Amino acid sequence: MNTYKVIKSTTKILIFGSSLLSSIYFFSAKSQAQVSLSPLVIEQQADRGQAQDFIEITNRGDEPFRARVYAEAYTYDMEKGFQTLSSTPTDLRPYLQFSPRELVIPPRTKRRIRLIARLAPNLPNGEYRAMIFTQPLRENNSSNNTNHSSANIITRIGSAFIVRKGEISPKLNVKEARWSDREKRLHLLLQNDGKASAYTSINWQLKHDNKTIQDGQVSPHLVTAGSGRNINLSSFMKNPLNLQPGNYQLTGELIWGERRQNRQPFSINFTIPAQTGVKK
């Protein structure tokens, strides 16, 4: 679950990381609040062109939390990650209703936002999606503060709402493993050639000379339909990795589905050349 925090400080900065998205805003904060959003991804099969669900916002802080709610079309760029779009054939927004659009959540309470999608009958079978953002509404008084730099970093939080029409499914493939000697990072490239996105986690093992030298688990990442995802395995490692030139094997399984029932094994070999230390 993603969490955003507002820190009462003139110098402290909160950096927000997410497998889904990362967007940053500035504002002055006089108090501390803690807000979480659940679930991060909603996947629904349209029934007679309709689908509905809820997202829940929890305010664990000691002060009321006031926010606006809005939707944006999105995709994932292989290198840049989450990207909003002005329009796309997969845009769910023209068929999406949600309420409330502004809300105040008292301390230590929860509020639900109801999402309803009504797809047009003439829409082709496929996947339609939008990111539902919750952004805090706060008065920015930093310009009135002449003695201190009091701007903190906060983050909007979002939940992906994915609605599928017709019998469609993801088609996941592990394309390659790549080691960056300069960054000391091991990357795994996933490709989804299907017509449905997959919110997939990964169990993996790295072998050298038939000996496992590292293993780990990757928290769920959203791999959108017709797109790919470059995942940094090093950020999920127990110990730092420093690979030497040689031949390696990366094995494991992709896990996805509403009940995590879909499992797909993979095995891919890669070589770190002696002359560069980097696989290209």
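**Exercise 1.** In which loop does Lys-184 lie? Describe the backbone and accessibility of this residue in the predicted model.

*Solution.* Step 1: Lys-184 belongs to the loop between strand 14 (172–180) and strand 15 (185–192). Step 2: the phi angle of Lys-184 is near 55°, a positive value in a residue other than glycine. Step 3: most residues other than glycine have a negative phi. Step 4: Lys-184 has 35% relative accessibility and therefore counts as partly exposed, since that class lies between the limits of 20% and 50%.

**Exercise 2.** Carry out the analysis of Exercise 1 for Arg-260.

*Solution.* Step 1: Arg-260 is placed in the loop between strand 19 (246–256) and strand 20 (262–272). Step 2: phi of Arg-260 is near 55°, again positive in a residue other than glycine. Step 3: with 26% relative accessibility, Arg-260 counts as partly exposed.

**Exercise 3.** Which peptide bond is cis between Ser-38 and its partner, and where is Pro-39 found? Treat Pro-100 likewise.

*Solution.* Step 1: the bond from Ser-38 to Pro-39 is cis, with omega near -5°. Step 2: Pro-39 sits in the loop between strand 3 (33–38) and strand 4 (41–45). Step 3: Ser-99 and Pro-100 are likewise joined by a cis peptide bond, with omega about 0°. Step 4: Pro-100 occurs in the loop between strand 8 (96–99) and strand 9 (102–105). Step 5: most peptide bonds are trans.

**Exercise 4.** Is Ala-130 buried or exposed? Identify residues that it touches.

*Solution.* Step 1: Ala-130 lies in strand 11 (residues 126–136). Step 2: its relative accessibility is 0%, so Ala-130 counts as buried. Step 3: leaving aside residues up to four places away in sequence, Ala-130 touches several residues, among them Ala-71, Tyr-74, Arg-93 and Phe-161. Step 4: Arg-93 is 37 residues from Ala-130 in sequence, yet their C-alpha atoms are 6.4 Å apart.

**Exercise 5.** How many aromatic pairs are there? Characterise those of Phe-82 with Tyr-74 and Phe-133.

*Solution.* Step 1: the count is seven aromatic pairs. Step 2: Tyr-74 and Phe-82 are stacked, at 5.7 Å centre to centre and 25° between the planes. Step 3: Phe-82 and Phe-133 are edge-to-face, at 6.1 Å centre to centre and 85° between the planes. Step 4: this second pair links distant parts of the chain, with Phe-82 in strand 7 (residues 81–85) and Phe-133 in strand 11, 51 residues apart. Step 5: Phe-82 and Phe-133 are both buried. Step 6: ring pairs link Tyr-70, Tyr-74, Tyr-76, Phe-82 and Phe-133 into a cluster. Step 7: Arg-129 lies over the face of Tyr-74, 5.7 Å from the ring centre.

How values were computed
Residues are numbered from 1 along each chain as its sequence is written. This is a predicted model: local features need pLDDT of at least 70, side-chain atom pairs count only at pLDDT 80 or more; totals for chains, interfaces and linings use all residues. Side-chain values use heavy atoms; hydrogens and water are left out. Helices (H or I, at least four residues) and strands (E, at least two) are DSSP runs, numbered from the N terminus. Buried means under 20% relative accessible area, exposed over 50%, partly exposed in between (1.4 Å probe, protein chains only). Contact means heavy atoms within 4.5 Å. Rings of Phe, Tyr and Trp (its six-membered ring) pair if their centres lie within 6.5 Å; planes under 30 degrees apart count as stacked, over 60 as edge-to-face and the rest as tilted. A charge sits over a ring if NZ of Lys or CZ of Arg is within 6 Å of the ring centre and within 35 degrees of the ring normal.
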